[in-house]
Structures are given as structure tokens and as C-alpha cells.
Amino acid sequence: MAYAIFDKPVCARNRWHQALLGLVLATTLASTHVVVFAGSTIAAPVPEIIATPNQVIKDGVSLQLDMSQSMQEGVEARFTLSLRDAASANPIRNARPIAWVDAQNKADENSEQACRRKVATFIGGDLLHAPALSLNAYYVLALNEDNSISVINPQTGFGGSKLLTMVILKGVGQDWLLTPEQNLWVSQPQVHEVALVDTRNWQVRTHVPVPGHPGQMALRPGAQQVWVLTDDGVTVLSASSGQLLANIKTGQGSHAIAFSDDGKSAFVSNAADNNISLIDAGSLKKTTDIASGSKPVAMAWSSKAQLLYVVHEADGQVIALDTTGRQIASIKALPGISTIRFTPDGRYGFILNPQKNKLDLLDTATNQIVQGADIAHGPDQVTFSDRMAYIRRRHSEIMQLVPLDAIAHNIQAGQPLALASVSYGQKAPDLGRSTGSLADTTVMVPNGAAALLANPADRTIYYYQEGMSAPAGSFRNYGHEPRAVLVLDHSLQERQPGLYQASARLPKAGNYQVVFYLDSPRMLHCFPITVQADPSKPPATRYAVTLAGTTPTLSKGENQNLQFAIRDAISGQTQTGIPDLQVLLFNTTGTQLQVDAHEQKNGDYAISFAPPVSGHYYVYFQAASLGMSWNQSARLVLTVK
């Protein structure tokens, strides 16, 4: 979804800006609000929609909220929003709803004006009034040059810190992948381990030892398995738990891996042995080694041809194999080729040669190289959107673009490939301090014709909208070099016609509202929900912390008294008499302060704080007497000028 808010101003073409402008207009208009008390569900289309308690009808639009059965704190819950035309009961398709979950105060009850204020606050990205949950979030992950991963929230407001958190690994990450369940796996060759990161709380769930130096990783299609390439073969792990399933020795040298579409056949190249190992993925047994050309370094499966294509760096040979290992074709290119990837339809293979500065285009319909282009400065990565091929050049800050819809015409007309370019930064990627990773530095933005382009040398991730001549904005990576970039999408998605779903882990027990907004057709509503307490947890662990009074303006070096209120998350009752409340403040530059809080006459707790540096400070709280430990994610953020 192309609705990120950037460090640098951009034009109001994205979804968030449109929503904010629409909301301003909506607050000046009267809305017809039908209060609903009883009736039947709308599971099937009917001539007339009869409203139910979790449903509202406004201006001819029916909105219904359904929740998963378990509404207990800490549980992964599914939010389903149904949008229908109230008159015809037809589903409203291809809408772009946004929604949040926020604590409900007494003033919020049955107040549409309060609901409008919440929507305006959340769209504006107010750091000090963040919702308990966002059902619109996508996060940008940067694999850094050290043992860290930056987690960036691109939807934070102008001028605000977008760094949500940092994931700390044992070693430097070399490759990574996301499972369909949104678990993040990271290979760490220096420490001979792979890490499993839970993206719901951004904690490393487990470190799994792997023999040798783990490198490239791949998900087996149709199976919950992560395949990790090692020094002499591949290690197979359970994608959910990290349980070891098999260690399969294949051969020597660097390796690449690919699967057939059905996931039944796996192929591992062995560069030093000049062969390809064919593995029965069902039994996790190697069946044969297939002799190939000199130094096989990359492979890709074509869904169109149902063949595996292998490129050989030393002799420039490209061979095509079927699932039995039988060679179907041999294509000659120049020595130095190192990468092959296929367009989304599986027909055209992009073969990159960084040594000869060349792109070859392989047509799987004929198994011939049908077109090519000279691309200077070491083309070494290619990534695809639905419309465009993005070719990174390691020695240049200019990204080469190839419009996919022009390829067939260029070939038929005997014309050169249509090429475009976009500059993303001031320095070439290889001018960074670190060596590159095996993962991509370009990734597509969810549900939008846009891409994120990571430039390690600039320590910046750029946002590029397709069709534009330059990036629309950028995300700072807070002093780290982004060696690779991923997008984790937590936003509402249309799973069935008119049904929009998102999953999120429920916050602490209490009363909340699902805050819903749709720009077109115009719709805004807040549904009350209750999150139940976890009976296995002691009640003392469920508390909310808020900044008392108005948000202070902090200045570097000046002493400032800050007051906080501690309340029961369920009853809202203020907690007094806490003898051991501690406050931890840290800056994104690494500055960290830990101070004791003292109770005031009004029941609040105060600290004295003289910020040594400017920037954003994340605030955490701890009180052993309440069973309260340091929060895993910052709920309060202070800005120091």
C-alpha cells in the first residue's frame, strides 16, 4: 500500500494523505447514523440488510465487525470487516479501509465526534497518542551491517522517529526469509546458527545451530520447511519451531537452491564439483548428482516452462533441467554470468553478468537468448514488480528499470529493450563499509506500484513510485547500513469479496474500540470491544502508563519534571503507593538513562530528566511490586529539541 509518510515531504497522492483530507471534509458534513440493536446476520446476499449489534449502516453503506472467538489478552485475534451496499447487499470490493484498536474512555462512549478525533489523530501519526494496535501496518525491515535488524514503521508522522525497534542477533545476518505465518528466519554464518524472530513482539524466539556456515535460505513450496544452505549441503528445519528435520550432504563449493512448483523436487548446485544435486523433498534424500557446466552459481525455476535453469559463471553456459534431472536445453552466454530470475509470468529469464556489464534475456518458449542490453557498473541483482524489472548496479547509485509490458513488442519489432533509470542516493551501494548480503536490496510495497530501494552507502531506504523520475521520499536507517530490505504486511486485506481481514495480538485486558475509516465510499465508526484477562497471569501485571497533563516541550540540557499516571488497564483506577517504580529512557543514538520515580500528592509519579542529546526518547517502565517489567515495545515517546 503506497501510503507511507516520509522523512522528506511528498505530494499528497498517497492513501494516508487522501484519507486525512477526506476526514477534514467529512467532519463538516452531517451523517445519517442508524443505531442498531437486534436482527439477523448478513452471511448471504439478501434484498435488504437487517442490522445487528456489531453492525452499523451509514449513508447507504453497511459495515459489520466480526471477531475471532477468543478475545483474551495476548491471543492472536482475527478482525473481519464486512463492507456491503445497504440497499442491494452487494459486497463493496477493492476498497481501502484503515482501522485501529484503541483504549475506550468513558468520553468515547456513543460519541461520533470522539471517534472522528481518534481517526484524525491516528492518521496524523501523533507519536504520543498511538493506538494500542494498528490494523494498517506494514513494517520495513533492514538487515544491517552489524548484528542488528532495524524495524521501521513508515506510517509515523512527519518529523517523527520511524524506528519501531531493533532486533539484536548473535551474529551478522547473511540471508533471511518470511514464512506465511510471518515468522522471520535469519542465517548467521559467523556464529553457525539461524535465528527465528517472532514478528509479533520482535523477539528472537530461538537460535538453531547449523553445521558449517549457513547462507542462502529457501521455503519449500507447500510445506512448513526452511532449507538452509551450508558448507557441504543443506539443512532442513521446521519453519514453525526450528526442529531439525535433515542434514543432506550434496557437494563442495558455493551453493544455490531452487524447487519445482509443487515442492516435490529440490535442486542444490555445487560450484566446486560442477554438478547439481537432485533431492526428493518428500523423503529428504538425495537421489542423484547431475553433471553440469563449469561453476554453477545460480538457479531459478520457470513456472511457464516447468523447467529449472542453471547458470555457470566460468563458461557462460545455461542449462535447462526437468524434475528427473534430464537436460532439456543448453544455451550459450558469456562467461561471468552470476544471476538468473524469471518475470512474474515465468516466461522471460533475466540473466545478469556483472563482469561483462550485460543483461541477457532468455525466452523459455524457445530456450534461446532473444534480447540483451549493455548495463554498466556491475549489474548484480534483479527484482520484479507486476510492471517493472529493477536491476541494481553495485558500482552505481542509478537503478536500471525495464518495463515488462514492452518486452514482447521490443522483441517482435527487433528493437532494443526499453530501459529507464532512477537515482536512489548519492553513493554507489558498494561504497558502504560492509560487504553485501545474499538478500535483495529492493522490495515491493504492499498493494501499490512502488518499491523500496536500500542504499547501504547512504544508510538510507528510498521510496520509489513507479512512473516517477525520482524517489518520492526516504527512511533513515539511524546510522546503520541497510544491506537488504524486507516488507512485513500486517494491513487489512480483502480475503473474499467485501471481506477485509487482519490479524493482531490482542493488547492488555480492558475495554477498547475498533476505530474504522474508509475514504471512498465515506464511512467512519468506532465499535466497542472487550479484551478479557488471561487467567494464567497475576492481575498485577496488567497496567497502563500515561503521561500526565499536556505533552511538554523538552530542550537539550534543560532539567524537566515529567509526571506519569499508572492505571489498572481494566478498571481505569489510578494505582498509588508503588514503592519501586523505575523509568528507562533511551535515545536512538544509544543514550540511556534509568531513574527512580517518586509518588506525588495527586497520585502521579514524577522523574527529573535533563536530556543530554536531542532526538526521540523511548520510555519504558518497571515495578517489581506490581509484576511490571520493561515493556517490549515503546508506548511513550518524548521529543527533545
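Visitor: What should I know about the ground rules?

Guide: This is a predicted model, in which local features need pLDDT of at least 70, side-chain atom pairs count only at pLDDT 80 or more, and totals for chains, interfaces and linings use all residues. Residues are numbered from 1 along each chain as its sequence is written, and side-chain values use heavy atoms, with hydrogens and water left out.

Visitor: What is the mean pLDDT of the protein, and where does pLDDT stay under 50?

Guide: pLDDT is the predictor's confidence in each residue, from 0 to 100. The mean for the protein is 85, and 85% of its residues reach 70 or more. Over residues 1-51 the value stays under 50, and the model has 143 contacts beyond four places in sequence for that stretch; contact means heavy atoms within 4.5 Å. Where pLDDT is low, the predicted coordinates should not be read in detail.

Visitor: Why is the pair of Trp227 and Phe259 called edge-to-face?

Guide: Rings of Phe, Tyr and Trp (its six-membered ring) pair if their centres lie within 6.5 Å; planes under 30 degrees apart count as stacked, over 60 as edge-to-face and the rest as tilted. The structure holds 10 aromatic pairs. For Trp227 and Phe259 the centres are 5.1 Å apart and the planes stand at 90°, so the pair is edge-to-face. Trp227 sits in strand E15 (residues 225-229) and Phe259 in strand E18 (residues 257-259), so this pair links distant parts of the chain, 32 residues apart. Strands (E, at least two residues) and helices (H or I, at least four) are DSSP runs, numbered from the N terminus.

Visitor: Are Trp227 and Phe259 buried or exposed?

Guide: Both Trp227 and Phe259 are buried, where buried means under 20% relative accessible area, exposed over 50% and partly exposed in between (1.4 Å probe, protein chains only).

Visitor: What makes Tyr424 and Tyr462 an edge-to-face pair?

Guide: The centre-to-centre distance for Tyr424 and Tyr462 is 6.5 Å, with 85° between the planes, and the pair is edge-to-face. Tyr424 lies in the loop between strand E33 (420-423) and strand E34 (442-444), while Tyr462 belongs to strand E36 (residues 460-465), so the pair ties together parts that are 38 residues apart in sequence. Both Tyr424 and Tyr462 are buried.

Visitor: How do you know that the span of helix H2 agrees with what it should be?

Guide: The expected span of a helix is 1.5 Å times one less than its number of residues. For the 13 residues of H2 (residues 112-124) that should be 18 Å, and the end C-alpha atoms are 18 Å apart, which agrees. Among the buried residues of H2 are Ala114, Cys115 and Phe122.

Visitor: Why are E9 and E38 said to stand at the edges?

Guide: They belong to an open sheet of four strands with the order E9-E8-E7-E38 and antiparallel pairing. Strand E9 (163-168) and strand E38 (484-489) each have a single partner strand, so one side of each is left without a neighbour in the sheet.

Visitor: What makes E7 and E8 a pair?

Guide: Two strands pair if DSSP finds at least two bridges between them. Strand E7 (residues 138-143) and strand E8 (residues 148-152) have four bridges, in the antiparallel sense. The bridge partner of Leu141 is Val151 in E8.

Visitor: Why is strand E4 described as largely enclosed?

Guide: Seven of the 10 residues of E4 (residues 76-85) are buried, so the strand is largely enclosed by the rest of the structure. Strand E3 (residues 61-67) pairs with E4 in the antiparallel sense over seven bridges, and Ser62 stands opposite Arg84 in E4. E4 also pairs with strand E40 (residues 499-505), antiparallel over seven bridges.

Visitor: Which residues does a cis peptide bond join?

Guide: The cis bond joins Ser520 and Pro521, with omega about -5°. Pro521 lies in the loop between strand E41 (510-518) and strand E42 (523-531).
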